[in-house]
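Thank you all for coming. I would like to walk you through one model, going from its overall layout to a few individual side chains.

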Amino acid sequence: MIQTTERKVCNIVRGVASPTLANVTLNGLERELIAHLSAKFGIAKAKKLKVNVVRYADDFVITGDSKEILENEVRPWVEAFLAVRGLQLSEVKTRITHIDEGFDFLGWNFRKYSGKLLIKPSKKNAQAFYRKVAETISGNKTVKQEVLVQLLNPMLRGWAQYHHPVSAKQTYSRMEHLIFRKLWRWSKRRHPQKSAVWVKQKYFHSVGARKWVFAVRTEREDGSWGLKELYQLSGTAIKWHTRIKGEFNPFDPKWEQYGETLRQGRMWEQMRYRKQWAALYLSQGGLCAHCGCALTDETGWNDHHLEYRMHGGTDALSNRALLHPHCHRQVHAGKLVVTKPVLS
């Protein structure tokens, strides 16, 4: 299969409301494109064309199994779709490319290497982030080290967390090296008469097996001393996103169980969610809300919404109960009503 992608950016007035306006204006793009192809080629053949749309505000990618289908069918249709709404494709940012050459989307680069798809932080995104960090360091030449660490840590942590679901380890390491060089120049500039050894001992420390950690000694509330260190980009764990079924619809009741399972897996990494799970477990006495048998590591458990979220149900503990996985399937298949156990 030859996979191609086409990126399009529409000329929409920028501003606070721009993403919302873009979503409203482009609503129906995916649905109507598939309907057009199905009407022209038939449903079965349209599926074989593997035309899919991924959209975020006014930025979107369309994939297909050949360059010809994108050039001759998809692009003309999209241009007509936009023209009705008073929009047009940006000639500068619109291109058709093979997946082996790759493309950038939402700060990531998508490309196949020897048949294997890898998603990495795009060079443009990394360069823009480094410029932001470098400007922060250069613009705070005289502040205390602790203040500089406080300024940089939210930036570093936020950028690293954004890219943690993709192949970002190499980019993290490269970025750390560039930032270290910038911080070394910042440190030496403050003490031009001091030796490199003196500067290193003042601004850089050893933390476990890590050397040259940009950190400052600070006093804790209990009176002891510790190190306030710069956020470690390379220490950010890479956690891949769970692949979601293409036909998943969060507003369709038949997908409610699937959505609950996805949410549970996504939220389990958060301490707040684990505390909620513990509260549910204790409130149920460790028993399944459907069959009344014990919930154990061997049986497993699912987090079930008593009133479906798509029907207005909330994520409040009062609207959730723990069930065995097989009980969860029975409840959804039979549309059974579950009530929270009342402990005596």
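What distance separates the centres of domain 1 and domain 3, taken over C-alpha atoms? The centres of these two domains are 38 Å apart, and the chain as a whole is divided into domain 1 (17–96), domain 2 (123–235) and domain 3 (253–334), with bounds that come from an automatic or database domain assignment.

Before the details, please keep in mind that this is a predicted model, in which local features need pLDDT of at least 70 and side-chain atom pairs count only at pLDDT 80 or more, whereas totals for chains, interfaces and linings use all residues. Residues are numbered from 1 along each chain as its sequence is written, and side-chain values use heavy atoms, with hydrogens and water left out.

Let me turn to the charged pairs. The structure holds nine salt bridges, a salt bridge being a side-chain nitrogen of Lys or Arg within 4 Å of a carboxyl oxygen of Asp or Glu. One of them joins aspartate 303 to arginine 320, with the closest N and O atoms 2.9 Å apart. Aspartate 303 lies in strand β11 and arginine 320 in strand β12 (residues 320–323), so this pair ties together parts that are 17 residues apart in sequence; helices (H or I, at least four residues) and strands (E, at least two) are DSSP runs, numbered from the N terminus. Aspartate 303 counts as buried at 3% relative accessibility, and arginine 320 counts as buried at 0%, where buried means under 20% relative accessible area, exposed over 50% and partly exposed in between (1.4 Å probe, protein chains only). Salt bridges that share partners join Arg263, Asp303, Asp315 and Arg320 into one network.

Another salt bridge links lysine 67 and glutamate 71, with 3.9 Å between the closest N and O atoms. These two residues are separated by about one helical turn, because they are four residues apart in helix α4 (residues 67–84). Lysine 67 is partly exposed at 41% relative accessible area, and glutamate 71 is partly exposed at 38%.

Now to the cysteines. How many disulfides does a search of the whole structure find? The search finds zero, a disulfide being a pair of cysteine sulfur atoms within 2.5 Å. Cysteine 288 is in no disulfide, and the nearest cysteine sulfur, that of cysteine 291, is 3.8 Å away. The sulfur of cysteine 291 is in turn 3.7 Å from its closest cysteine sulfur, in cysteine 327, which is too far for a bond. Cysteine 288 is buried, at 3% relative accessibility, whereas cysteine 291 is partly exposed, at 37%.

Finally, a residue in domain 2. Histidine 205 is found in strand β8 (residues 204–207) and is buried, with a relative accessible area of 18%. Leaving aside neighbours within four places in sequence, histidine 205 is in contact (heavy atoms within 4.5 Å) with Arg210, Lys211, Trp212, Val213, Ala215, Arg217 and Leu227.
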